[in-house]
Each structure stands twice: as C-alpha cells, then as structure tokens.
Amino acid sequence: MALINHRTREISFKIVYYGPGLGGKTTNLELLHDRLPPGRRGRLISIATDHERTLFFDFLPVDIGEVSGFTTRFHLYTVPGQVYYRLSRRAVLQGVDGLAFVADSHPAREQANLESLADLEEHIAAQGLTPEQALRIPRVIQYNKRDLLGALAIERMRAALNPLGAPEFEAVATQGRGVTETLKAACKAVLARLVGAPAAAASGVEELAGNEDGTTAIDAPRAAADLDAGARPDSAAAAVAGDLAPMPPPGS
C-alpha cells in the first residue's frame with residue numbers, strides 16, 4: 001500500500017519484480033539503476049543468498065509534479081526465485097503497490113513460470129486480501145529472453161501467464177530491450193490506480209492519523225481521496241522515460 005511521509009512530504013510506492021529463479025529480475029533492476037541519474041536514485045542494496053540476490057533501490061522521477069504538495073518516490077524490489085526462499089518472497093511482497101512479473105522464455109522453464117505465478121498468488125492471498133483486492137494490484141508481464149533459439153511462443157506464454165490482459169512486453173534484459181518499457185508501464189499503472197480510484201470521504205492529507213515516524217500507510221482508494229488526485233498517470237510514464245539514460249548499442 002502507498003506510504004505517506006508527512007515530514008518529508010513524500011508519497012512512496014512499492015513495485016516488486018517477481019518471477020522464477022534466474023529469469024532476469026536482477027538484470028532488470030541492475031540495468032535500471034545504471035540508467036537512472038545518480039541524483040535521482042538511491043543506492044542499490046543487495047542481500048545475497050546462495051543462489052540469487054534480493055535487490056532494492058528507490059528513485060524520484062523528474063517532472064511528475066506534486067500530489068497535493070507531496071513528491072512521489074518509487075521503491076523497486078526483486079525477490080529470490082528459488083523455492084526455498086518462500087518466506088523472503090512473502091516478506092518482500094508486504095505492502096506491494098505494483099507487480100512486474102518477469103517470465104523466462106526458455107522452453108525448459110515453462111513449468112517454473114507457472115509455479116512462480118501460483119506462488120505469487122498464494123503469497124498475495126496470505127496478506128489477507130480478498131480475490132477482488134488482489135486483482136486490483138496493478139501488474140505488468142515481461143516475457144524475457146526472447147533472443148533464445150526455440151523460445152516459447154508469445155501466444156502460449158500469454159495464455160498461461162496473462163489471461164486477464166495486463167500490459168505485457170517482450171524483452172531481452174541483458175541487452176536492455178523491454179526493460180524501460182516494463183518499468184514505465186508499472187509506474188503508470190500504480191499511479192493510475194491512485195488517481196483513478198473513487199474518491200470517498202476525503203479528509204485531506206494533514207488530517208490522516210500518522211505513525212510515530214511521521215508516516216501513514218494507506219491503500220490506493222483512500223490515497224486517491226486524501227491526495228485529491230493531483231498527478232496524472234501519463235506524467236509518471238513521461239517522467240520515468242525522461243529519467244532513464246539512452247541505451248548504448250549492444251556490444252559498445
């Protein structure tokens with residue numbers, strides 16, 4: 001859920017990159033971190049495991065404007081994909097505002113994609129959300145490793161992983177293809193849920209009861225009411241696009 005910090009005048013959103021182990025989640029975040037201007041992003045934090053890393057960094061998009069006087073910050077996470085890191089994945093998913101599911105196009109990883117998606121649904125349900133609430137969490141699907149010979153057909157992957165028609169992108173994360181587009185769509189979807197949710201019983205940001213550290217956790221519909229929908233989703237996509245440096249040609 002979105003987090004308002006009254007002291008810093010910021011509203012923060014959490015986007016989690018999910019998917020099977022070694023499918024490209026880490027590559028996505030590392031490339032994004034490299035492309036964003038140093039002054040607009042936080043330090044890339046890595047928590048190493050035996051086989052994979054959990055990564056995190058945050059960034060402030062430029063030119064997004066303010067939401068009732070609050071700036072907007074996005075926090076990006078990956079989760080370890082191996083089966084034995086279930087508790088780590090559940091912890092990272094707490095309070096998620098948006099999901100980017102990174103699927104592996106290798107034919108041998110088809111079952112791993114399905115198992116990871118089922119694992120995601122199980123962890124989301126464990127947070128106490130109703131099926132309707134879980135469906136409202138914005139999602140973006142990335143079909144990674146499209147450069148592989150014999151890669152799974154997009155139609156087959158779509159039918160298995162994206163039956164509800166979430167925004168989707170073909171990608172080769174090692175080359176930077178589809179990486180920026182995935183993030184732009186995720187940010188746009190998260191902000192669209194905030195500003196497009198029905199406003200009910202708006203009371204104003206300053207009237208929210210905050211925690212001792214000056215923060216208030218809110219869900220998207222409440223945020224839409226309390227923040228008066230000051231930003232537009234298209235501005236988020238434009239801001240992210242403006243932040244990310246041009247991709248160098250492969251092999252440069």
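Partly exposed means a relative accessible area between the buried limit, under 20%, and the exposed limit, over 50%. By that cut-off Arg158, at 32%, is partly exposed. The model shown is predicted.

**View 1. Salt bridge between Glu168 and Arg158.** The closest N and O atoms of Glu168 and Arg158 are 2.6 Å apart. Glu168 belongs to strand β8 and Arg158 to helix α5, so the bridge ties together parts 10 residues apart in sequence. Arg158 has a relative accessible area of 32%. Glu168 has 24% and is also partly exposed.

**View 2. Salt bridge between Glu10 and Arg73.** These two side chains meet with an N to O distance of 2.8 Å. Glu10 sits in strand β2 (residues 10-18) and Arg73 in strand β5 (residues 71-78), so the pair links parts that are 63 residues apart in sequence. Glu10 is buried, at 14% relative accessibility. Arg73 is buried too, at 17%.

**View 3. Network of Glu10, Asp58 and Arg73.** Salt bridges with shared partners join Glu10, Asp58 and Arg73 into one network.

**View 4. Salt bridge between Glu170 and Arg146.** The N to O distance here is 3.6 Å. Glu170 lies in strand β8 (residues 168-170), while Arg146 lies in the loop between β7 (139-144) and α5 (154-161), so the bridge ties together parts 24 residues apart in sequence. Glu170 is partly exposed, with a relative accessible area of 47%. Arg146 counts as buried at 18%.

Terms used:
Residues numbered from 1 in each chain as written. Predicted model: local features only at pLDDT ≥ 70, side-chain atom pairs only at ≥ 80, totals over all residues. Heavy atoms only, no water. Salt bridge = Lys/Arg side-chain N within 4 Å of Asp/Glu carboxyl O. Helix = DSSP H or I, 4+ residues; strand = E, 2+ residues; numbered from the N terminus. Buried < 20%, exposed > 50% of the residue type's maximum accessible area, 1.4 Å probe, protein only.
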